[in-house]
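Here is a friendly note to read alongside the model. Take the points one at a time, and look up each residue as you go.

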Amino acid sequence: MAAAATPPGTTALCSPTPNQKADKRFALCYMGWSSLDRRTTLPMLPWLVAEIRRKSEKNESGPAQAREVQLYLSPPLIRCVPANSSNLSVFIFEHKAQFISRFIHNSHDLSYFAYLIRSQPDNPESEMACHVFKACDPNQVPEVISSIRQVSKAALKEESKPKQESDESFYNSQKFEVLYCGKVTVNHKKAPSTLIDDCIDKFRQHEIERKRLRLLNGQRSSTEAPVEFIVGDNPLSSSLCEGSTRRRHASAPNNVQPSDADKNRTMLFQVGRFEVNLISPDTKSVVLEKNFKDISSCSQGVKQTDHFGFICRDVVESGPAQYVCYVFQCASESLVDEVMLTMKQAFTTAAALQSSKNQIKLCEACPMHDLHKLCERIEGLYPPRAKLAIQKYLSQLSDNEQVNIFERVQKMKPASDHEENELVILHLRQLCETKQKSHVHIGEVPQQNASGSTVTSDNSIAGRNKLDVLKNKARSSLTSSLENIFSRVCVCVVRLCLSLFFLSGKSLSICCFSDHMDGRELLPLSPRALNQDQDPQVSPLSPEQGFGGEKGRRSPADYRALWKKAIHQQILLIRMEKENQRLEASRDELHIRKMKLDYQEVCPCSKEVQALWDRKLSSPCRTKVQWDKEEIHSAVCQGVPKSRRGEVWLLLSQQYRLRHRLPQRQQPPETPYQDLLKQLTAQQHAILVDLGRTFPTHQYFSTQLGAGQLSLYNLLKAYSLLDTEVGYCQGISFVAGLLLLHMSEEQAFDTLKFLMYDLSIRRQYRPDMISLQIQMYQLSRLLHDYHRNLYTHLEEHEICPSLYAAPWFLTLFASQFPLGFVARIFDLLFVQGTEVIFKVALCLLSSHEGEILECDGFESIVDYLKSTIPTLTHSQMEEMITKAIEMDISKQLHAYEVEYHVLQDELSDAPPPSEDSDRLDKLEKANSQLKKQNMDLLEKLQAARLKIQTLESSVESFLSRESKMKHLIRSLEQEKASYQKTIERMRSSLPSDAMADVEMTQLKSSTNGKAKETCKKP
């Protein structure tokens, strides 16, 4: 019998013992499960996994306790069996693999993973469950996830019904690269068709004027602030006004603010669920965020078809809200069409989520949506930073809610900031789920009971929620207003003090202040502090300061001293804030560096080797003088310190360039990195898709559009623009990602150019991929000459090197092997060239030769090569590196390359046999027939599209007629109600005897009518 406690989404029925040959089993620790709210989103999932993990580690009560289990995979079932049980009929739970909707493997600890499954797959309203497991080895987790996915795919092939993955809760935003052109203030929320073209003309006129002024003033840089000019009768900007006086549309450009052409204006345009974000890859931050409710219209240029923009409501500090049009440029017109279509679909989806007909109601004011935004904001932040963001979110809650969460968290006594953050998110999630049950969505009327009155409890809860929202808005508005007032007061104080000193003839400098300062007026950041008996709350403008003048009256000297003190305090605050920002930046840099190098080092170097590298890296002539090649090779073989690996790679690339100078025609273009970032790339879609696939479990790259992914995007984009022949190819992202883990963006870009051009790795990424074919032939020949039995075994099962070794060469082993092992391969790559890739591949295959020969099928061999070989132990990785260092196959590789070219020339010169020519003729005839069929199908498709258009137009007409009829019915019902009221009033005004006569008349008429109907019947 199955266990009594069965989690949702499972099957508690006994099934026959599965086929042991097809099964897979994994020894894991089952941590437990938890149900999910239907509004749970992707950023919330890691916190949910952490909650389940913490409960199991603390032995807290929960749906299931942690226990050792065996996970059996038998298509189409996944069965969780106790570890000490030999009977497969006794299981904790089982369910079908095709019902698993998502995996989570980017949690705090890589040994944990989880998956989501719906309790009733056919019922979209059923809740989802999250099952969490722990593996003994983190390298085992990818194998488990891959095996479950294979079982799911096999089960889906057998089923006729496809898997439904349209889950709104896990909506992924769409991203596009755009060039920000500027913004324009308009007078109306609707855009005319020529608005974008008019804006572009204004921006160009401004750029021409700016260049002219720069030439006149002799300035090489642009003005600090963008110039604003108004088209109209403003006398202050008459020089920038148009000469024509034609009438303007209500939404024509009014206040034009173009962006600075000298700065990097390329942004990532992100279309989310309820908002549009503009993300700067330079600053790694969101520079613009607009909700859909604030956007009134979107439009595309008529002449400038590669430009688009949207009009939105912009709130200003003083005065009413105004409408602003933001203008962007894309790499092509087709991309603009895609952006416009994506925004249209996003608007439709957002409206559907807020519609009462949708099962999962969601609006911008939903508590669960606020929690989603918080989890999205703190994703990837290190604990102190995330704690500040969470505290800022908590300040928006009511006082009782804040106290309640604070008391609960303190009772659990968190040991670190990360644990405290997990506990706070846990209680916030519970609070938001509770609020969500009574939440009234935007535009929704509270439910009413049968008597027509509103339910009191729902009303009070909704009222409290609305009151809390209004209080939070008022609090934030008051805070921002006070901050603006204080900043303006400080500016006024400084300006007034400057004027006072200018009028008194004094020179304004910090040095003249220090002559009159006492012990209480120290320079900023001085270790001395205020006296203990001094009241810090006393205002610097208080009259009780002991000045020489009469009470209530001061001399000019007293005022100068007061202004001097005010300026000094302002300088002190500014200095302290700058110092605080510098310390925070230093702490962030240290944390990011620690996060980047979070991998186990292979072949760690000794202290003597570290001292050797320190001396070499501190040598002043390291970039100009060639060092002994053997000495460098010996130092690399002894090891490279992980903390200085990026500097060592730069040093090795510089030494290589001193010894080997590329011909002029083979050198890369000398375009600066910052100039490349200012351009748009046509490869943006492929790059953005691969960002999430590159090192998905590494903390630096796991955050969607975090600092790591944005840096990687910059690097890949810059190279795609530099090398137009290669552009972007899958595999380059792993190479670039590994470089970013050890150095800055510009250093990584220079090192990537060295690998691609100087070491000629770019040849394998060319569109024809001839170099990759040569490499696969060379590896096959190496196996044939050095490991004949393994070569014969693979050939018997028709397994060529491209099936398993292509990812090794394209990603330089980075996509499948541990980072420490890959970093060690890169160390050797900088001194030995691409030969080291063949040596490592040959060592990997030879060390597993016995296990591969035991595999007796195509699937089992390929699965072993792809899944088992990358799971190396630490000792095996060190052994591989040692063997690769001692191996020398350079002559063989050169001979195999020549052999490949000779064979290709012979094949191209050989005349085609007659059988092949007959076969070619048949294929050509079949091709022509297929082309004809294709044309016929295209004609049918066009006819079907025309029919669809006519049907859509008829549906629209029917809908319009339906709306008119509904309007007419409502008006008739109102007229009927008014007539009934009139009749009632007339009846009430009649006397009682007249009323009786009317009733008798009605009764007679009804009786006569029935008699007539009876006579008519046969």
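**Notes on salt bridges and a sheet**

1. Buried here means under 20% relative accessible area, exposed means over 50%, and partly exposed is in between (1.4 Å probe, protein chains only). Please keep in mind that this is a predicted model, where local features need pLDDT of at least 70 and side-chain atom pairs count only at pLDDT 80 or more, while totals for chains, interfaces and linings use all residues. Residues are numbered from 1 along each chain as its sequence is written, and side-chain values use heavy atoms, with hydrogens and water left out.

2. Which residue does Glu401 meet in a salt bridge? The partner is Lys435, with 3.2 Å from N to O. A salt bridge is counted when a side-chain nitrogen of Lys or Arg is within 4 Å of a carboxyl oxygen of Asp or Glu. Glu401 sits in helix α7 (residues 399-412) and Lys435 in helix α8 (residues 417-437), so this pair links distant parts of the chain, 34 residues apart. Lys435 is also counted as buried, at 18% relative accessibility. Helices (H or I, at least four residues) and strands (E, at least two) are DSSP runs, numbered from the N terminus.

3. Now find Lys717 and Glu177, which form a salt bridge whose closest N and O atoms are 2.7 Å apart. Is Lys717 buried or exposed? At 1% relative accessibility, Lys717 counts as buried. Glu177 is buried too, with a relative accessible area of 1%.

4. Another salt bridge joins the side chains of Glu962 and Lys966 (3.5 Å, N to O). Both lie in helix α30 (residues 914-989), and because they are 4 residues apart, about one helical turn separates them. Glu962 is partly exposed at 39% relative accessibility, and Lys966 is partly exposed at 45%. Elsewhere, salt bridges with shared partners join Glu51, Lys55, Arg429 and Glu433 into one network. The whole structure holds 36 salt bridges.

5. Next, the sheet. Strands of a sheet pair through backbone hydrogen bonds, either parallel or antiparallel. In this model, 7 strands make an open sheet with antiparallel pairing, in the order β4-β3-β2-β1-β7-β6-β5. Two strands are said to pair if DSSP finds at least two bridges between them. The edge strands, β4 (93-96) and β5 (100-104), each pair on one side only. On average, neighbouring strands are turned by 30° against each other, direction ignored.

6. Look closely at β1 (residues 24-36) and β2 (residues 67-74), which pair in the antiparallel sense over 7 bridges. Which residue in β2 is the bridge partner of Tyr30? That partner is Arg67. Helix α1 (residues 45-57) packs on the sheet, where α1 touches β1, β5, β6 (112-118) and β7 (128-135). A contact means heavy atoms within 4.5 Å. The direction of α1 makes about 105° with that of β1; axes are lines fitted to C-alpha atoms, for helices over the stretch in contact, and angles run from 0 to 180 degrees between N-to-C directions.

7. Finally, step back to the whole protein chain, with its 31 helices and 16 strands. Buried residues make up 41% of the 1018 residues.
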